[in-house]
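Colleague: I would like to go through this model with you, from overall layout down to single residues. Shall we take it in short turns?

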Amino acid sequence: MSTWEETMALDLNAQSPEEMLLGLLLKDLLHGGAYDVDVDDPQISFSVDYVCGDELEGDVYRLLISAEVEGPQEHDIVRQFTEELLDELVEEAGQLVEAAEDLGEIEMGDIEMRPVPENDERWDLIIPDWLAPDNAEVPFGFRSFKVGSGEAWPADQILDAHGRVLLVPSGNVFRVIATPLPEPDQTEEENEPQDS
């Protein structure tokens, strides 16, 4: 079975921090996703793995999508599947935006980006790729630190308290926005014995 690559780009408005937040969440939801797909007409199956990047051009947030496909070279079908998947993920990202918590802001000049070794990477800290320092792996091979003190910021305990923490550029500040942790499983409470 052949392995091949399809590249795509999706342009989104980024005129407000909320619009950029949506784009960053969409990238995080798609990046690293792996799907096994069965299509009825024509009857084909393929596997697809997504790797995503992003860039900013004026007021446009551009999501860069690379799909590594194992299966027949049906470019239109892979693109159609990706578009349908993106529609679902935009809806999920929109729900996360609605539930997001604003943790404050910090001046861009008070923060510097530094590469970090693999064991210090935080997959729950989302920073736009275009802010990565030279020689840093994107999207998780760098972190933000306070200028002067050199403390990792946001600190690990802030990251641990939320599902994701995103640094959203807005003018000359970074807005720090968190999405909630996933809901805990309720089955234990539901299965507790009740008084008769």
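Colleague: How many helices and strands are there in the protein?
Modeller: A caution comes before the count: this is a predicted model. Read along the sequence, the pattern is β-α-β-β-β-α-β-β-β-β-α-β-β-α. The totals are 4 helices and 10 strands.

Colleague: What does the C-alpha trace of the protein span along its principal axes?
Modeller: The protein has 196 residues, and 41% of them count as buried. Among contacts with a separation of 6 or more, 63% join residues 24 or more positions apart. Along the principal axes, the C-alpha trace spans about 65 × 60 × 35 Å.

Colleague: What is the strand order in the open sheet of 4 strands?
Modeller: The pairing in this open sheet is antiparallel. Its edge strands are strand 1 (3-13) and strand 2 (34-39), each of which pairs on one side only. On average, neighbouring strands are turned by 30 degrees against each other, direction ignored. The order is 1-4-3-2.

Colleague: How many bridges join strand 3 to strand 4?
Modeller: Strand 3 covers residues 44-57 and strand 4 covers residues 60-70. They run antiparallel. Leu56 stands opposite Tyr61 of strand 4. The bridges joining the two strands number 11.

Colleague: Which residue in strand 3 is the bridge partner of Tyr35?
Modeller: Strand 2 and strand 3 form a hairpin, with 4 residues between them. Their pairing is antiparallel over 6 bridges. In strand 3, the partner of Tyr35 is Val48.

Colleague: Which strands of the open sheet does helix 2 touch?
Modeller: The sheet has 4 strands, in the order 1-4-3-2. Helix 2 (residues 75-99) packs on that sheet. Its direction makes about 40 degrees with that of strand 1. The strands touched by helix 2 are strand 1, strand 2, strand 3 and strand 4.

Colleague: Which element gives the most to the lining of the largest pocket?
Modeller: About 150 Å³ of space lies in the largest pocket. Its lining is Met8, Ala9, Leu10, Ile65, Arg79, Thr82, Glu83, Leu86, Asp87 and Val90. The elements giving two or more residues are strand 1 and helix 2. With 6 residues, the one that gives the most is helix 2.

Colleague: What is the volume of the largest cavity?
Modeller: The count comes to 1 cavity of 30 Å³ or more. Lining the largest cavity are Lys27, Asp28, His31, Leu125, Ile126, Ile127, Pro139 and Phe140. Helix 1 and strand 7 are the elements that give two or more residues to this lining. The volume is about 50 Å³.

Colleague: Is Asp28 buried or exposed?
Modeller: Asp28 lies in helix 1 (residues 17-30). Its relative accessibility is 15%. The cut-off for buried is under 20%.

Colleague: Which side chain makes a polar contact with the side chain of Asp28?
Modeller: Leave aside the neighbours within four places in sequence, and Asp28 is in contact with Trp123, Ile126, Phe140 and Arg164. Ile126 and Phe140 also line the largest cavity, as does Asp28. The polar contact from the side chain of Asp28, at 2.4 Å, is with the side chain of Arg164.

Colleague: What is the length of the polar contact between the side chains of Asp129 and Lys27?
Modeller: Asp129 sits in the loop between strand 7 (125-126) and strand 8 (142-146). At 11% relative accessibility, Asp129 counts as buried. Beyond four places in sequence, its contacts are Lys27, Cys52, Gly53, Asp54, Val138 and Pro139. The polar contact between the side chains of Asp129 and Lys27 is 2.9 Å.

Colleague: Which residue in strand 8 stands opposite Ile111?
Modeller: Strand 8 is mostly covered, with 4 of its 5 residues buried. Opposite Ile111 stands Lys146.

How values were computed
Residues numbered from 1 in each chain as written. Predicted model: local features only at pLDDT ≥ 70, side-chain atom pairs only at ≥ 80, totals over all residues. Heavy atoms only, no water. Buried < 20%, exposed > 50% of the residue type's maximum accessible area, 1.4 Å probe, protein only. Polar contact = N/O pair within 3.5 Å; in protein donor to acceptor, adjacent residues only side chain to side chain. Contact = heavy atoms within 4.5 Å. Pairing = 2+ DSSP bridges. Axes fitted to C-alpha atoms, helices over the stretch in contact; angles between N-to-C directions. 1 Å grid on protein atoms, 1.4 Å probe; cavity = no way out; pocket = protein on both sides within 12 Å on 5 of 7 lines; lining within 4 Å. Points joined across faces, edges and corners; volume = space filled by probe spheres on them.
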